[in-house]
Structures are given as structure tokens and as C-alpha cells.
Amino acid sequence: MSRITGYLYTIASPVLVSLLTAVLLTAPAQADRPDFTLPDLEGQSHSLSDYRGRWVLVNYWATWCPPCLEELPELEVFHNRAAGRAVVLGVNMETIAEDELRSFVEEQFLSFPILVASDRPKRTQLVGPVEGLPTSYLVAPSGEVVARQVGQITAEAIDGFIARYEGQNDGGGN
């Protein structure tokens, strides 16, 4: 590889990957309006469609997952800061006794709904593919999936994405 070709590859490759990632992760998802229903720790059913009109961050996680545990405080910050405008739905993806999960949630001071899916959820219980944990999907108030993140996410990143999306789409599709 020539020095110029190597230089162009070094500069163009990250830009191309970022562009392709943005197109691949958001473009097909924008037409989707998925729904699912899962129970919370009290046995109450929650459907994604129950939250239409608000931003919803659906986060797939497990108690044994170190990046998930690091991310939970950020999700709590986002959930509290965006109260009334957005909600976090934490979907637990493991086989664990409900009492054990309830104790874990209380120890972490989590106030957002924790839904129970199991380690082998049905396809109808997922917003989209969950290839690793944590995985988060951001659903606009219209019910459309507008973003996906595999790996940790921060409250600041979620807020920033929503602000950019609303700026480009006149209020987030309401």
C-alpha cells in the first residue's frame, strides 16, 4: 500500500464506518414500530406502546454483566432527569429468582421499571436483535425505533441524541 493510499484509508475508514453505522442502525429501524409486553417485578404488564408520546430507552441487561452494572447509574440519571418526557425500561435478560432480582434493584436504587424476560426471550419480547449486553434501543414518541447501542451508554449521550433528533425532525415525530 502506498503512503497516500494508507493515509486515505486511515482517514476515510473511520468516517465511512461511522456513516455506514448510522445508516444501517437507524434507517431500517425508522420504519419499525415494534411492541412487546413483559411483566415487571410486581407482576404488572408493561407494553412498549403504553409509553407512546414519550421517549423510551429500552435497555437489555443482566446482573452478571459488568458493563451493564456500570451503565445502570447513567440510566437512572437519564430516567430521573427526563421524568414525564422519557422513560427507561430495563429488561433483565437472565434466569434469576425474582426475589434476588428485586433485592439487586433495591440495592442499586433503581426507580425505572425493571421488566423480566429471561435468558432466552421470545422474539416478540425484543425491540430488535440483542447480540450482546448491554443493548439499548431508543424509541421516539411516535413509536419508531430511532437508534440502537450495543455496549454502554451515558445519560449525556442519550440527551444529545434526542436533542439532535428533535432538531432534525421537528419535535421527535409527534
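## Basis

Helices are DSSP runs of H or I with at least four residues, numbered from the N terminus. Ala-155 is found in one of these, helix H4. The model is a predicted one.

## The sheet

Five strands form an open sheet, in the order S5-S4-S3-S6-S7, and the pairing is mixed. Its edges are strand S5, residues 114-116, and strand S7, residues 145-150, each of which pairs on one side only. Direction ignored, neighbouring strands of this sheet are turned by 20 degrees against each other on average.

Helix H4, residues 155-168, packs on the sheet and touches strand S3 (55-61), S6 and S7. The direction of helix H4 makes about 145 degrees with that of S3.

Strand S6 spans residues 135-139 and pairs with S7 in the antiparallel sense, over 5 bridges. Two of the facing positions can be named. Ser-136 stands opposite Gln-149 in S7, and Leu-138 stands opposite Ala-147 in S7.

Between the two strands of this hairpin there are 5 residues. In the hairpin, Gly-143 takes a positive phi near 100 degrees.

Is Ala-155 buried or exposed? The relative accessibility of Ala-155 is 2%, and because buried means under 20%, Ala-155 counts as buried.

Leaving aside neighbours within four places in sequence, Ala-155 is in contact with Glu-74, Val-77, Phe-78 and Arg-81. For one of these, Phe-78, the separation from Ala-155 is 77 residues in sequence, whereas the C-alpha to C-alpha separation in space is 4.9 Å.

## Cavity

Rolling a probe the size of a water molecule over the atoms shows where empty space is left. In this model the count comes to 1 cavity of 30 Å³ or more. The volume of the largest cavity is about 40 Å³.

Sorted by class, the lining of the largest cavity has 6 nonpolar, 2 polar and 2 charged residues.

Definitions and conventions. Residues numbered from 1 in each chain as written. Predicted model: local features only at pLDDT ≥ 70, side-chain atom pairs only at ≥ 80, totals over all residues. Heavy atoms only, no water. Pairing = 2+ DSSP bridges. Axes fitted to C-alpha atoms, helices over the stretch in contact; angles between N-to-C directions. Contact = heavy atoms within 4.5 Å. 1 Å grid on protein atoms, 1.4 Å probe; cavity = no way out; pocket = protein on both sides within 12 Å on 5 of 7 lines; lining within 4 Å. Points joined across faces, edges and corners; volume = space filled by probe spheres on them. Nonpolar A, V, L, I, M, F, W, Y, C, P; charged D, E, K, R; others polar. Buried < 20%, exposed > 50% of the residue type's maximum accessible area, 1.4 Å probe, protein only.
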